[in-house]
Amino acid sequence: MILYGKNELFKTLMPENDENIGALLDFAEKYALSGNLIKAKIAWLIMMDENPFSLSIERSGISGSAEVYAKRDLTELRDLFFISPKDDILGCYQPQNTRVSGEEARIGKLISDFVKKLEAAADDEAFFAEVKSFYGKYGVGDFGMNKAFYMLDDGRLVPVSHIRDISFDLIYGYDTQKQKLIANTASFVSGGGANNVLLYGDSGTGKSTAIKAILNMFYDKGIRMIQIQKHQFVHLSALTEQLKKRNYRFVLYMDDLSFEDFEVEYKYLKAAIEGGLEEKPENVLIYATSNRRHLIKETFTEREGGDDIHRNESIQEKISLSDRFGLSIFYPKPMQQEYFNIVLHLAEIEGIEADRDTLIAEARKWGVAHGGYSGRTATQFIRQFKAAQ
């Protein structure tokens, strides 16, 4: 095979020894797959193989000259797809792990559905058409199959296995803030103008929750999210170079962002936001949360001059980072009544049937004892109240 055989994956597909069979069973258990595991593995390898054909379909829907080689490879793969496994267990497997959840459950269903479509393909042309249709709808590889990623310290990306099913319905209040964030993201996914976003304000007010809700809301429209820690900013340039070649809209998520006066990682972030000689990718935005409006710590010594004869320039350099976020959204701490409203809203969602006055009285005591009134303390209170019922 020319395209699909380049990485040797398909050449080791048919299990000839215990090691290969064990790997196949691990694969089935991870995604709770049943039935013919050879078919499931072939479908998975087709879904994941990033080659000139699959990437071209993902980007533009047009396969180009690579289609000739892809058809040849997929004809061979279809022959393998319909070969009965030597081991009967692999032909009618039933997983022991039936409690798969989160992203692994979603991907497992995607594999199973794709297998059914490939099984229904009447000939080589129909098989090829199903593969092409899949790439056009979902894309290919890790970015095609997964919603979100976190970065390792060496710059590699790892898919997030479990993503909280958060929606904006869980966030009470902050309607103006939500509307701004949603509108910016909607424009981003539609190819319109959009800004990098800084969500700042008191802790526990729902800034991080709002960004997670954005991921779930816009995933089907091509949003993918990558969480990056500030000590990993040295990899930002290489990452954006990788992302600009893919047909997705990437949000680089930076949570609880702030810098001490001795930290210099912010320089990488400033460069990533504005770009260098090369134009900044139009399919990448940065969404950050912070308790600070100005992300880099300043001291009174700096304000008073210190040893820096160019004091104003030093101050401007530090506050300019926040200014480079085109959209800044403020999340203030809720007042007492707003806190009570959040508690009542969450209680309704959780199906808690309790006297309203009792609930508010207990919520007041909880807030006083646990750091004040915020969405976070309301959530913690509801969790504790429900567990005690």
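**Exercise 1. The cavity**

Determine how many cavities of 30 Å³ or more this predicted model contains, and describe the lining of the largest cavity by residue, element and class.

*Solution.*

Step 1. The count comes to 1 cavity of 30 Å³ or more in this predicted model. The volume of the largest cavity is about 50 Å³.

Step 2. The residues that line the largest cavity are Asn196, Thr240, Ala272, Ile273, Lys280, Pro281, Val284, Leu285 and Ile286.

Step 3. Two elements, helix H12 (266-274) and strand S6 (284-290), each give two or more residues to this lining. The largest share, 3 residues, comes from S6.

Step 4. Sorted by class, the lining of the largest cavity comprises 6 nonpolar, 2 polar and 1 charged residues. Lys280 is the charged one, because Asp, Glu, Lys and Arg count as charged.

**Exercise 2. Helix H3**

State which residues of helix H3 (residues 52-60) are buried, what covers them, and which residue caps the N-terminal end of the helix.

*Solution.*

Step 1. Buried means under 20% relative accessible area. In H3, the residues that are buried are Phe53, Ser54, Leu55, Ser56, Ile57 and Glu58.

Step 2. The cover over the buried residues of H3 includes helix H4 (67-81) and helix H7 (124-138).

Step 3. At the N-terminal end, H3 is capped by Asn51. A side-chain oxygen of Asn51 lies 2.9 Å from the backbone nitrogen of Phe53, one of the buried residues.

Step 4. After H3 comes Gly61, which has a positive phi, near 80 degrees.

Key:
Residues numbered from 1 in each chain as written. Predicted model: local features only at pLDDT ≥ 70, side-chain atom pairs only at ≥ 80, totals over all residues. Heavy atoms only, no water. Buried < 20%, exposed > 50% of the residue type's maximum accessible area, 1.4 Å probe, protein only. Helix = DSSP H or I, 4+ residues; strand = E, 2+ residues; numbered from the N terminus. Contact = heavy atoms within 4.5 Å. Polar contact = N/O pair within 3.5 Å; in protein donor to acceptor, adjacent residues only side chain to side chain. 1 Å grid on protein atoms, 1.4 Å probe; cavity = no way out; pocket = protein on both sides within 12 Å on 5 of 7 lines; lining within 4 Å. Points joined across faces, edges and corners; volume = space filled by probe spheres on them.
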